[in-house]
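Dear colleague,

Please find the structure below, together with its sequence. The findings follow directly after it.

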Amino acid sequence: MIHPSVSNMASSRLKYLSLGVLVFQTTSLVLTMRYSRTLQGDGPRYLASSAVVVAEFMKIITCLLLVFKEHSYSVRALSSILRQEIAHKPIETLKLAIPSGIYTLQNNLLYVALSNLDAATYQVTYQLKILTTALFSVSMLGRRLGVYQWLSLLILMAGVALVQWPSESPGAPEKEQLSAGSQFVGVAAVLVACFSSGFAGVYFEKILKETKQSVWVRNIQLGIFGLVFGLMGMFAYNGDRVQESGMFQGYNTITWIVVALQALGGLVIAAVIKYADNILKGFATSLSIILSTLISYFWLQDFDPSSVFFMGAVLVIVATFLYGYEGKPSPNPSRA
Ligand code: C5P
């Protein structure tokens, strides 16, 4: 029999471990993507829609391996759990089509956003998802936030805005002159993505915490729909190019690293949603924005940190601790 405080400690350790891995994953993904851009010449570019499909496929395979491990490497147990939980529960499985479809839409919206906005504006505006996530957590999960937690959310928003304010857009220096119309399309796409991110994340959290099923089985269900929607997207947008040169055209080692980091991201986000929550996930990604900016400063020397940046960084760190500190007295009612 495991003592409750021991299992609490273990789950608290998993919470901080998953948040830490998320900071690492988000930071390395941003840096690898940036590196791949500076490295890549004029050769054929890999298809983003294909990368989405491959990452989804990697997630499913990894989750299958994790469920296999959870059931003591028994093939029979694995196939019976897949039959029981996925094939024999079509309604439960279909519920995952909702967040999966929304995530697919969101990934496309973010592509629209990044084509119409510079990266800095994009990143600041997309941080609004922390607020929409908090609103959905309150309305859909019945989570109660204290005054200090709301305050920490506001401090976080201010901090992220300050951090982003002076920095040059890292990914799109060529987009200097943006028309008002394209700016509007970009901002509209990010705003819709903020709502979809908040809703899909909290919906997944609700399913995860209201049922006993393993997070990895849930992720397989999510991934199956993600794969189907992703394939549909790939053939709709790049069908002719895939038929011409295959879906792996333009792939190189860096592409595979980016795809693997993206797959890892999905898995870590699922773990963070299970062991921590969606709001803390927002704080972790904010911290990683600071970390990647700092690393890019020290490595690439292309960013001159101003006092505004440091003020923003301090605000984000203060907000993170303020939120975590106030998190203890208000119990999580939806926690399984
Ligand atoms: O910006 P946001 O945090 O909403 O992005 C979440 C990303 O994580 C989406 O691209 C989604 O496909 C992915 N995800 C996942 N598995 C989950 C939850 C989210 O792959 N269980």
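**Ligand, cavity and aromatic rings**

At least two residues of the shell around the ligand come from each of α5 (97–116), α9, α10 (215–245) and α11 (253–275); helices are DSSP runs (H or I, at least four residues), numbered from the N terminus. This is a predicted model, in which local features need pLDDT of at least 70 and side-chain atom pairs count only at pLDDT 80 or more, while totals for chains, interfaces and linings use all residues. Residues are numbered from 1 along each chain as its sequence is written, and side-chain values use heavy atoms, with hydrogens and water left out.

The shell comprises six nonpolar, five polar and three charged residues. In this scheme Ala, Val, Leu, Ile, Met, Phe, Trp, Tyr, Cys and Pro are nonpolar, Asp, Glu, Lys and Arg are charged, and the others, Gly among them, are polar. Lys59, Tyr126, Lys129, Ser197 and Lys281 come nearest among the 14 residues around the ligand, where a residue qualifies if one of its heavy atoms lies within 4 Å.

Polar contacts are pairs of N or O atoms within 3.5 Å. A side-chain N or O atom of Lys59 is 2.3 Å from an oxygen atom of the ligand. For Tyr126 the corresponding distance to a ligand oxygen is 2.6 Å, and for Lys281 it is 2.8 Å. The ligand taken alone exposes 480 Å², of which the protein buries 88% (Shrake-Rupley method, 1.4 Å probe).

The largest cavity is lined by Lys129, Ile130, Thr133, Ser197, Gly198, Asn278, Lys281 and Gly282. A cavity is a set of points on a 1 Å grid over the protein atoms alone where a 1.4 Å probe fits but cannot get out, and lining residues have an atom within 4 Å of a point.

Finally, the structure holds nine aromatic pairs, meaning Phe, Tyr or Trp rings (for Trp, the six-membered ring) with centres within 6.5 Å. Tyr46, Phe248, Tyr251 and Trp256 are linked by ring pairs into a cluster.

With kind regards

Conventions: On a 1 Å grid over the protein atoms alone, a cavity is a set of points where a 1.4 Å probe fits but cannot get out, and a pocket is an open set with protein on both sides within 12 Å along at least five of seven lines; lining residues have an atom within 4 Å of a point. A polar contact is a pair of N or O atoms within 3.5 Å; within protein, one must be able to donate a hydrogen and the other to accept it, and residues adjacent in sequence count only if both atoms are side-chain atoms. Rings of Phe, Tyr and Trp (its six-membered ring) pair if their centres lie within 6.5 Å; planes under 30 degrees apart count as stacked, over 60 as edge-to-face and the rest as tilted.
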